[in-house]
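Welcome! Let us walk through this structure together, one part at a time.

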Amino acid sequence: IVSIVVDVILTAKGSSTGALQIDGGPFTVSSGGNAAVSVLVNNVTSGVGDTMLVGQIPTGSAAVLLYKIGTGTMTQLVDTDAAANSVFRISAVYRRG
């Protein structure tokens, strides 16, 4: 069993574009299931109103993918969802691959 807790605190956003993901997990997720991830955020443009934020570590991966769900549609967070002072607090427990 692998347990991770990650705090990502941005002090500058930079010019990167595309989907947000957090790489560098210690082990990949075992075959047969994805890891559910708890996500707490501050200073992001998503996750307000009727939008919910969720995270996932796919089978065979060690990267945390972040998603938003609004009005029944789930899409991955992208660069425009984050600010130069965004904070992501993440925890997950999963079986090692």
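How many bridges join strand β1 to strand β7? Eight bridges do, and the two strands, β1 at residues 2–9 and β7 at residues 82–94, run antiparallel. Before going on, please note that this is a predicted model, in which local features need pLDDT of at least 70, side-chain atom pairs count only at pLDDT 80 or more, and totals for chains, interfaces and linings use all residues. Residues are numbered from 1 along each chain as its sequence is written, and side-chain values use heavy atoms, with hydrogens and water left out.

**The strands**

Two strands count as paired if DSSP finds at least two bridges between them.

| Strand pair | Sense | Bridges |
|---|---|---|
| β1 (residues 2–9) and β7 (residues 82–94) | antiparallel | eight |
| β3 (residues 35–44) and β7 | antiparallel | seven |
| β5 (residues 64–70) and β6 (residues 73–76) | antiparallel | four |

Strands β5 and β6 form a hairpin with two residues between them. Ile-69 has Met-74 of β6 as its bridge partner. In the turn, Thr-71 has a positive phi of about 50°. Most residues other than glycine have a negative phi. Asn-43, found in strand β3, is not a glycine either, yet has a positive phi of about 60°. Asn-43 is partly exposed, with a relative accessible area of 43%; buried means under 20% relative accessible area, exposed over 50%, and partly exposed in between (1.4 Å probe, protein chains only).

**A residue in a loop**

Is Val-29 buried or exposed? Val-29 is buried, because its relative accessible area is 4%. This residue lies in the loop between β2 and β3. Leaving aside residues up to four places away in sequence, Val-29 touches several others, including Ile-57, Pro-58, Tyr-94 and Arg-95. A contact means heavy atoms within 4.5 Å. Val-29 and Val-87 are 58 residues apart in sequence and 24 Å apart in space, C-alpha to C-alpha.

**The largest pocket**

The largest pocket has a volume of about 260 Å³. Of the 14 residues that line this pocket, the closest to its centre are Leu-10, Lys-13, Leu-20, Gln-21 and Ala-82. The elements that give two or more residues to the lining are β2 (21–22) and β7. A pocket is an open set of points, on a 1 Å grid over the protein atoms alone, where a 1.4 Å probe fits and with protein on both sides within 12 Å along at least five of seven lines; lining residues have an atom within 4 Å of a point. Grid points are joined across faces, edges and corners, and a volume is the space filled by probe spheres set on the points.

**The chain as a whole**

The C-alpha atoms fill a box of roughly 35 × 30 × 20 Å, taken along the principal axes. Of the 97 residues, 33% count as buried. Among contacts with a separation of 6 or more, 70% come from residues 24 or more positions apart.
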